[in-house]
Amino acid sequence: MTEDKNQVAQVDADHAKEEDQAKQEERLLKEKLRTWILNANKKLTPSELDFKTALIENRLISSLQVMDMILFLEQLKDGAINVENLKPGAFANIDTIYERFLRDTKDQNE
Amino acid sequence: MKRSSDLVPSTELGLIWKESGQSVLTGEMLRLFRNLDKLFLTWAEGWKAESYLFPPFISASELNRLDYFHSFPHLVTIPVVLPDNQIELEAFANRGLSQDGSLSLSTFEAPKVVLTPAACYHIYDALQSSVLNHTQYFTTCCVCHRREQEYLPLRRQWTFNMREIVCVGEEKDVIAFLSGFKELLVSFFSEFKLPVEFQSACDPFFNPKRNPKYLMQKLDPVKNEMIFGDLAIGSMNLHRNYFGSAFNISCQGKEAYSACVAFGLERWLHMLLAPEASKLREHLSESERKA
């Protein structure tokens, strides 16, 4: 019985560790996006950009920069993005970009 | 619902079709055309829109500010003239028409104008470098020219009439203009029992996948079309500060925002031929009688 409990505890610990790693990876990717945007838009200060800042609505990235960002996302995810399948809101903010394109390795935009 | 294949142009109907992609209106169709435009004008008057009548040409350099020739080269129609010299003119005069009905141009002057592709461009051009104290409203009706792969009477024409109502000024007013106009239209379509739906759409860009503006329109739809059956009879467009920036128009110290509501008159005529539009047809005839 004690052995079973130990096994369950170990599984829980492993699971928590995986979750921590996933969260760290998510944070890292979002920070990479944030840095990319700050480099692209020099008028923007770091304090003005968080993961929920409206990018398209506030025109913080231009149409040309959207194209460049797609190339950057393709590098990050190591896969192609089909622009025909782009949906409104996909580039709303850093959180939505992560959810649509980076959460899984497969193209969620399909 | 009437489809293009149902529509047989005839003098009796008041519609003569030119294979070049243009229609001639007369009789009942011309009356309906005029009454429709009066209807659109009453809507424009609701915003106290200032009327303009523009010439058929628009400067290529002004359109270039909008990157038009990169985005829509497939649509553009360019008027050309012969070089102003005796030898060339005589050569042209003596050549006459080719057997297929085309003119043979060995040379022509480099064109600096194009035939208007959309009515509202003239308005931003006219407002160029303006400093507006308050939001303003404009309206114009132009013959517009867009080359297409195929043409269908009243549905898709090389030349067609477009009535636009345009708002230029502060962001809040531009947003209110579009929402107010949408309310008006929803109520109008409902009153006349017209099955018109509003749908997001993108402009018909050349090589769309390579055009950043197309991508931006997909991500942030700014065009809302009025769809009757499978036909867009008009559209509502939010340009944000795009034209304000391109034509240096400002309002209250900021780049002006703009939006337009556009109606394709021939397409509205096509809608009027459908049984569902009988109530609107009667209304337009009644209005004419009262006038």
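A salt bridge is taken here as a side-chain nitrogen of Lys or Arg within 4 Å of a carboxyl oxygen of Asp or Glu. By this rule, one salt bridge is found across the interface of chain A and chain B in the predicted model. The pair is R59(A) and D220(B), whose closest N and O atoms lie 3.0 Å apart. By class, the side of chain A that touches chain B comprises 11 nonpolar, three polar and four charged residues; Ala, Val, Leu, Ile, Met, Phe, Trp, Tyr, Cys and Pro count as nonpolar, Asp, Glu, Lys and Arg as charged, and the others, Gly among them, as polar.

The contact (heavy atoms within 4.5 Å) draws 18 residues from chain A and 13 residues from chain B. About 1400 Å² is buried between the two chains, 71% of it on carbon and sulfur atoms; buried area is the accessible area (1.4 Å probe) that two parts lose on being put together, summed over both. In chain A, the most area is lost to chain B by R59(A), M67(A) and E84(A), together 37% of what that side buries.

The complex is given an ipTM of 0.73 and a pTM of 0.86 by the predictor. Chain B has an average pLDDT (the predictor's confidence in each residue, from 0 to 100) of 94, and 98% of the residues score at least 70. Over residues 1–5 of chain B, pLDDT stays under 50. Where pLDDT is low, the predicted coordinates should not be read in detail.

Residues are numbered from 1 along each chain as its sequence is written, and chains are lettered from A in the order in which they are written. Local features need pLDDT of at least 70, side-chain atom pairs count only at pLDDT 80 or more, and totals for chains, interfaces and linings use all residues, while side-chain values use heavy atoms, with hydrogens and water left out.
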